[in-house]
Amino acid sequence: MKNTKLYPFERNKYYYGKLLSVEDFNAEQKYMNDKRRIANRLIHGVGVVSGLNVVQLDDQTITVDSGMAFDPTGREVVIDTPVTKKLPLIEGYESILGSSGESYAYLCLEYSETEKEESHNIASEPGKTYYDKIRETYRLYLTSQEPDDEMINSGNLFERKITVFRSENLCIRQIMPRYIHPDEKFTLRVEIEVFTKKYVAFSYDMQLICLNAVSDAGSVLKVVFDEMLFEKTGKYTLSYDICAADVVDTEGVAAIDPSTFTLSYDKVPARGEISGRNTVTVTKDDIADVITASAYRAGMDSVLRSTLAQRLYLARINLINAGGAPVIEDVKNIPFGQYIPSQTLLRSMDMIAAQNGGGAVSGTGTHTGDAAPASRGCEVASGVCRINLNAGSYKNKVFFSDEIVHGLGLGSVTIVLGIPSADNSIVYGAANIFSETVPLFDTAVKLSPTKGSFVIGVMTKNTIVSDYIDIKWTAIRDVDEAAVEKRSMRLTIKPSSLVIKPRESKYLDAVCANMTNKTVRWSVSSENGGEIDQNGMYVAPNTEGVYEIVAQSAAYPEIKASIMVVVRN
């Protein structure tokens, strides 16, 4: 049942007296599996859902943490217990030595199946072995093959990313939005990854069509990068402001001129070929509407099209030659960003966005809001909430908004509601004070201090003729200096990561920012993960492994930090 063709769907039709064969039972399993897998793929996407972190234990050994991912066909790939492997014993090791020059390898994960529980079959064919179970498992292997741009862009309807240069030492990608309005500015980003200890420098020109570089208002954009001008981190981003021409339903193009490409390592010229063209659609339509239409218009076959077999890229393992044999220099997890965010994570990101002045809640009521500091003694957030009504509803009919995150954090806040009037003024409180007519609505608000949100309620006072009502809301929080200080407190541990030998000791430093009381309590989360005293002196255990060390503020227990310690010989 290791199939990658998920449709058309066919299921058994049962009736009294039907004779069931092996094919019927297999078809039953395939039907249920395919329905689930196509939903996984089309709704959630491709990538790591949880865990599967790759950690280097020594110069020849890695550990893959337990976790789950969805592959490009929507199949669940699960590693139920951590796996420790020597690099030379991983499938594909021999092939990557010659193809990549011993400089790097990708650790890939793939769905697999194996038969188990050998059994006797009274109708068996001579020499054939039968099994009672099929175990869904996985395959780990190494490859030097890079994913194509289609895999990198999978599911990204907002931006288009292309790889314009790739070698064992350097990768250059360009990112542009897929859609833009006429005569509007946007940012073209150049992402650079350097895989060598040498300093890289390069430059090339891009010809712009229906686009202009804002810096010189020209049709040629010169991209220049010199790693010596940056702190060497291995990953860099260049940003260029571009303006779309005043055209409609036209593609803006940023095409590389290969003849202008220059490349050097440690100021020594090197050869390389660069090519590629980014495009952006210039449209007068609402960008959100265009992206939504594009998502629903995409054919199912194009979404489910196989890319580079069914592999997921868990890590890039950089190698160095030591004594004629490659050893691990470092490991970079999920090098191509193949993650699937959970609903819990997305809700948390919405909360953060709302606290920073953005965010929206979808449903029967929608709102937009912004948060900004007001004066020294208070914080203010405001927005407009649209509540959908039923035209023709009689009086005393109640309608509610969805839950609105005000963006001022948890705790008590004051919410003030106002209703826009026909003369563009906003009325707060009793509307009949300003008019002799009976007000159409009464409004109320229910605050949830533990969630940092509120719900608006509207009661009709007369027959309603409109389909909705817009309500202006303002949230106000009194802020004392202690509360401001607490929200700005930070705790970090130096060093941010640690690799030591068994029974070796190392002093860790807890850095407290914006704290009057700097007392810290140290602990080791992992059982048998070593010992640490209250001065930060950590003593590693006898057993190799990966352990977590936690520093927690004594005065403010909710403020804490942690680092991972790798213990190996």
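Are Tyr 106 and Phe 336 buried or exposed?

Analyst: The model is a predicted one, and the values below are computed from it. Both Tyr 106 and Phe 336 are buried. A pair of aromatic rings is described by the distance of the centres and the angle of the planes. For Tyr 106 and Phe 336, the centres are 5.4 Å apart and the planes stand at 45 degrees, so the pair is classed as tilted. An angle under 30 degrees would count as stacked and one over 60 as edge-to-face. Tyr 106 belongs to strand E7 (residues 104–119), whereas Phe 336 lies in the loop between strand E21 (325–333) and helix H6 (343–355); the pair therefore ties together parts that are 230 residues apart in sequence.

Phe 202 and Tyr 204 are both buried. They also take part in a cluster linked by ring pairs, which comprises Phe 165, Phe 202, Tyr 204, Phe 225, Phe 230, Tyr 236 and Phe 261.

Charged side chains also meet aromatic rings. Arg 316 lies over the face of Tyr 104, at 4.0 Å from the ring centre. Lys 18 lies over the face of Tyr 14, at 5.6 Å from the ring centre. Tyr 14 is located in the segment before helix H1 (22–44). Together with Leu 20 and Phe 25, Tyr 14 forms a nonpolar patch on the surface, and the accessible area of these residues together is about 330 Å².

Helix H1 itself has 23 residues and spans 32 Å from its first C-alpha to its last, close to the 33 Å expected at 1.5 Å a residue. Its buried residues are Asp 24, Tyr 31, Asn 33, Asp 34, Arg 37, Ile 38, Asn 40 and Arg 41. An α-helix has 3.6 residues a turn, so residues three or four places apart point the same way. After H1 comes Gly 45, with a positive phi near 110 degrees.

Side chains of opposite charge can pair when their charged atoms come close. A search of the whole structure finds 15 salt bridges. In one of them, Glu 76 pairs with Arg 36, and the closest N and O atoms are 2.6 Å apart. Glu 76 is in strand E5 (residues 76–79) and Arg 36 in helix H1, so the pair ties together parts that are 40 residues apart in sequence. Glu 76 has 18% relative accessibility and counts as buried because the cut-off is under 20%. Arg 36, at 32% relative accessibility, counts as partly exposed.

A further salt bridge joins the side chains of Glu 91 and Arg 139, at 2.5 Å from N to O. Glu 91 is in the loop between strand E6 (83–86) and helix H2 (93–100), Arg 139 is in strand E8, and the pair links these distant parts of the chain, 48 residues apart. Glu 91 is partly exposed, with a relative accessible area of 41%, and Arg 139 is partly exposed at 29% relative accessibility. Both residues belong to a network of salt bridges that also includes Glu 110.

Strand E8 (residues 130–143) also contains Tyr 131, which is partly exposed with a relative accessible area of 37%. The C-alpha atoms of Tyr 131 and Glu 117 are separated by 5.3 Å, although the residues are 14 apart along the chain.

The salt bridge between Asp 205 and Lys 222 has its closest N and O atoms 3.2 Å apart. It links strand E13 (residues 200–209), which holds Asp 205, to strand E15 (residues 220–226), which holds Lys 222; the two residues are 17 apart. Asp 205 counts as buried at 15% relative accessibility, whereas Lys 222 is partly exposed, with a relative accessible area of 47%.

Note on methods
Residues numbered from 1 in each chain as written. Predicted model: local features only at pLDDT ≥ 70, side-chain atom pairs only at ≥ 80, totals over all residues. Heavy atoms only, no water. Patch = residues over 30% accessible without salt bridge, like charges linked within 9 Å, V, L, I, M, F, W, Y side chains within 5 Å. Areas by Shrake-Rupley, 256 points an atom, 1.4 Å probe, with all protein chains shown as cover. Salt bridge = Lys/Arg side-chain N within 4 Å of Asp/Glu carboxyl O. Helix = DSSP H or I, 4+ residues; strand = E, 2+ residues; numbered from the N terminus. Expected span 1.5 Å × (residues − 1). Buried < 20%, exposed > 50% of the residue type's maximum accessible area, 1.4 Å probe, protein only. Phe/Tyr/Trp six-rings, centres within 6.5 Å; stacked < 30°, edge-to-face > 60°. Lys NZ or Arg CZ within 6 Å of the ring centre and 35° of its normal.
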